[in-house]
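Please look through the model below with the following numbered points at hand.

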Amino acid sequence: MSMPHIKRRYRGALTVIAAVLALSACDPAATAPAPSSSPSITASVSPTPTPTPTVVQKMPNMVGRAPDQAKLLLNPYGFKSVEFQSAYTDVTIHPDPIGGTVCFQNIDEGREIPAQETITVVLHITEPRTTCPTALGTELHPKPAPETTPPPAAAPPAPTKPAYTPPAPKPPRTSAPAPDPEPAGCYPKSNAGNCYNAGQICRKADVGTSGIAGNGRRIHCRHDDSVGQRWGY
């Protein structure tokens with residue numbers, strides 16, 4: 001085979017290959033990938049959301065403020081509600097007071113309040129120109145204490161009568177009684193020291209006098225015509 005003949009056949013083969021490639025580029029079916037026998041599943045992963053940090057606030061001090069000022073300052077905290085009650089047990093306060101003073105609060109100053117939307121703040125207030133009590137549960141106008149009557153004094157015990165004690169019996173007489181002594185009060189006495197009795201002669205010096213005879217009776221010395229003078233009753 002001559003060289004020119006080989007070159008002609010080679011050019012012809014190249015022409016056929018170029019034509020085939022051109023047809024393949026124009027046919028979409030020839031370029032589409034063959035369908036798979038089973039569908040492929042691709043899992044999608046959602047990003048994890050970043051948690052929102054909880055804002056923790058602390059309860060401010062409302063004691064000494066006016067009710068409307070306290071309510072205005074507590075609005076940004078987002079409490080469920082702010083209520084006003086009387087600081088005195090015998091005084092009624094309007095639920096939306098205009099004046100007065102906050103004396104006590106149910107949440108202490110500085111306490112953490114993370115869930116404000118569930119908390120109700122209670123402020124105990126007084127009326128205008130009324131001082132705060134020292135503690136809750138106090139009456140502004142306490143009632144006077146009732147007068148107490150002292151109990152009656154106990155009656156003294158009745159006197160007790162001493163028991164009767166019979167006198168001791170006299171001892172029995174063991175001897176005869178002594179004779180009664182002569183009265184020692186007779187006067188005047190004779191020169192011998194004896195008592196005078198009525199009828200006896202008396203001394204001249206005793207005329208007109210009286211005395212006591214030996215028997216205890218009063219006697220008198222008088223003139224007697226027979227003997228001169230004599231004692232008689």
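1. A contact here means heavy atoms within 4.5 Å. On that basis, residues 24 or more positions apart account for 58% of the contacts in the chain that have a separation of 6 or more. The model is predicted, so that local features need pLDDT of at least 70 and side-chain atom pairs count only at pLDDT 80 or more, while totals for chains, interfaces and linings use all residues. Residues are numbered from 1 along each chain as its sequence is written, and side-chain values use heavy atoms, with hydrogens and water left out.

2. Helices (H or I, at least four residues) and strands (E, at least two) are DSSP runs, numbered from the N terminus. The chain has 3 helices and 8 strands, and along the sequence these follow the pattern α-α-β-α-β-β-β-β-β-β-β. Of the 233 residues in the chain, 21% are buried, where buried stands for under 20% relative accessible area, exposed for over 50% and partly exposed for what lies in between, with a 1.4 Å probe and protein chains only.

3. E3 and E5 run antiparallel and are joined by 4 bridges, and Gln-105 has Leu-123 in E5 as its bridge partner.

4. A nonpolar core is a set of buried Ala, Val, Leu, Ile, Met, Phe, Trp, Tyr and Cys residues joined through side-chain atoms within 4.5 Å. The largest one has 18 residues, and those with the most contacts inside it are Met-59, Leu-74, Phe-79, Ile-113, Val-121 and Leu-123. H3 (67-74), E2 (81-86) and E5 (120-126) each supply at least two residues of this core, with the largest share, 3 residues, coming from E5. Not counting residues up to four places away in sequence, Met-59 touches a set of residues that includes Leu-74, Phe-79, Ile-107, Ile-113 and Val-121.

5. Which residues does Phe-84 contact, leaving aside its neighbours within four places in sequence? Phe-84, which is found in strand E2, is in contact with Pro-67, Lys-71, Pro-95, Pro-97, Leu-123 and Ile-125. Phe-84 is buried, with a relative accessible area of 9%, and its C-alpha atom is separated by 7.3 Å from that of Asp-96, 12 residues apart along the chain.

6. The other open sheet to examine has 3 strands in the order E6-E7-E8, with antiparallel pairing. Its edge strands are E6 and E8, each of which pairs on one side only, and neighbouring strands are turned by 30° against each other on average, direction ignored. E6 and E7 are joined by 3 bridges, and Gly-211 has Ile-219 in E7 as its bridge partner. In the hairpin of E6 and E7, which has 5 residues between the strands, Gly-216 takes a positive phi near 90°. E7 (residues 218-224) and E8 are joined by 5 bridges and by a hairpin through 3 residues; in E8, the bridge partner of His-223 is Gln-229 and that of Cys-221 is Trp-231.

7. Rings of Phe, Tyr and Trp (its six-membered ring) pair if their centres lie within 6.5 Å, and planes under 30 degrees apart count as stacked, over 60 as edge-to-face and the rest as tilted. By this rule there are 2 aromatic pairs. Tyr-77 and Phe-79 are stacked, at 5.9 Å centre to centre with 15° between the planes, and both residues are buried. Tyr-196 and Trp-231 are tilted, at 5.3 Å centre to centre with 35° between the planes; this pair links distant parts of the chain, with Tyr-196 in the loop between E5 and E6 (210-212) and Trp-231 in E8 (residues 228-232), 35 residues apart.

How values were computed:
Two strands pair if DSSP finds at least two bridges between them. Axes are lines fitted to C-alpha atoms, for helices over the stretch in contact, and angles run from 0 to 180 degrees between N-to-C directions.
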